[in-house]
Amino acid sequence: MKIYTKSGDKGKTSVIGARVPKDDDRIEAYGTIDELNCFVGQAISLAETDSKYEDLCKELRQIQQELFDCGSDLAFVKIEEGNYKVSAELAGQLEAWIDLHQEENPQIERFIIPGGSPFSSALHVCRTVCRRAERRMVTLGSHTDINPAVRLYMNRLSDYFFVIARTANVRAGIPDVEYIRSKKVFRSK
């Protein structure tokens with residue numbers, strides 16, 4: 001089988017139920033999720049040989065599978081709820097992981113600037129690409145129906161990346177980089 005089909009040579013691509021321009025909002029949305037998945041793979045490669053990150057890498061590998069599911073759900077031109085792979089339960093799993101890892105992190109008082117360890121920095125890249133994917137989904141959802149569980153999942157996923165980026169620094173023994181001009185904006189519970 002040849003990897004190239006030549007069917008997209010004129011600027012169109014196939015989605016489930018139609019052919020659309022390659023810069024269609026749908027393609028932008030799931031293309032950004034694909035980009036995010038690449039950055040997640042890169043983050044894993046930075047940490048997978050260090051046993052202190054084994055649990056995070058395992059979660060990230062599961063997330064890579066779920067990101068593929070998110071892209072698949074966004075590829076449907078017509079709402080076909082019975083065919084969706086992403087459900088609200090996936091966001092619930094992210095919330096459980098967020099709560100678990102947040103317990104390791106020091107109290108946050110100021111805004112955090114991406115940095116610290118290479119793994120943490122890579123996870124912050126994942127967070128920002130995730131937010132862009134979410135914005136692309138909002139644009140898509142403004143004129144067509146999409147699986148709302150995908151938007152929920154992506155919103156929670158960016159929170160997950162923020163928390164585990166901090167956890168990665170804690171485990172590396174490196175403090176978060178605080179925004180020095182920030183007043184204390186977060187309060188203790």
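Predicted model: local features only at pLDDT ≥ 70, side-chain atom pairs only at ≥ 80, totals over all residues.

User: Why is H2 called roughly parallel to H4?

Analyst: The axes of helix H2 (residues 54-74) and helix H4 (residues 118-141) cross at roughly 20° and come within 14 Å. Angles under 35 degrees count as roughly parallel, so H2 is roughly parallel to H4. Their crossing is left-handed.

User: What makes H1 roughly parallel to H5?

Analyst: Helix H1 (residues 25-47) packs against helix H5 (residues 148-172) at an angle of about 25°. With the limit set at under 35 degrees, H1 therefore counts as roughly parallel to H5.

User: How do you know that Arg156 forms a salt bridge with Glu95?

Analyst: The closest N and O atoms of Arg156 and Glu95 are 2.7 Å apart, and the rule asks for a distance within 4 Å. The pair joins helix H5 to helix H3 (residues 88-102), across 61 residues.

User: Why does Arg156 count as buried and Glu95 as partly exposed?

Analyst: Buried means under 20% relative accessible area; Arg156, at 18%, is therefore buried. Glu95 has 34%, which lies between 20% and 50%, so Glu95 is partly exposed.

User: What makes Arg110 and Glu178 a salt bridge?

Analyst: Their closest N and O atoms are 3.9 Å apart, and the limit is within 4 Å. Salt bridges with shared partners join Glu109, Arg110, Glu178 and Lys184 into one network.

User: Why is Tyr179 called partly exposed?

Analyst: Its relative accessible area is 35%, between the 20% and 50% limits, so Tyr179 is partly exposed. Tyr179 also belongs to a nonpolar surface patch, with Phe111 and Val185 among the other members.

Conventions. Residues numbered from 1 in each chain as written. Heavy atoms only, no water. Patch = residues over 30% accessible without salt bridge, like charges linked within 9 Å, V, L, I, M, F, W, Y side chains within 5 Å. Areas by Shrake-Rupley, 256 points an atom, 1.4 Å probe, with all protein chains shown as cover. Salt bridge = Lys/Arg side-chain N within 4 Å of Asp/Glu carboxyl O. Buried < 20%, exposed > 50% of the residue type's maximum accessible area, 1.4 Å probe, protein only. Axes fitted to C-alpha atoms, helices over the stretch in contact; angles between N-to-C directions. Helix = DSSP H or I, 4+ residues; strand = E, 2+ residues; numbered from the N terminus. Parallel < 35°, antiparallel > 145°, perpendicular 65-115°, else oblique. Left-handed = near helix turned anticlockwise from the far one by under 90°.
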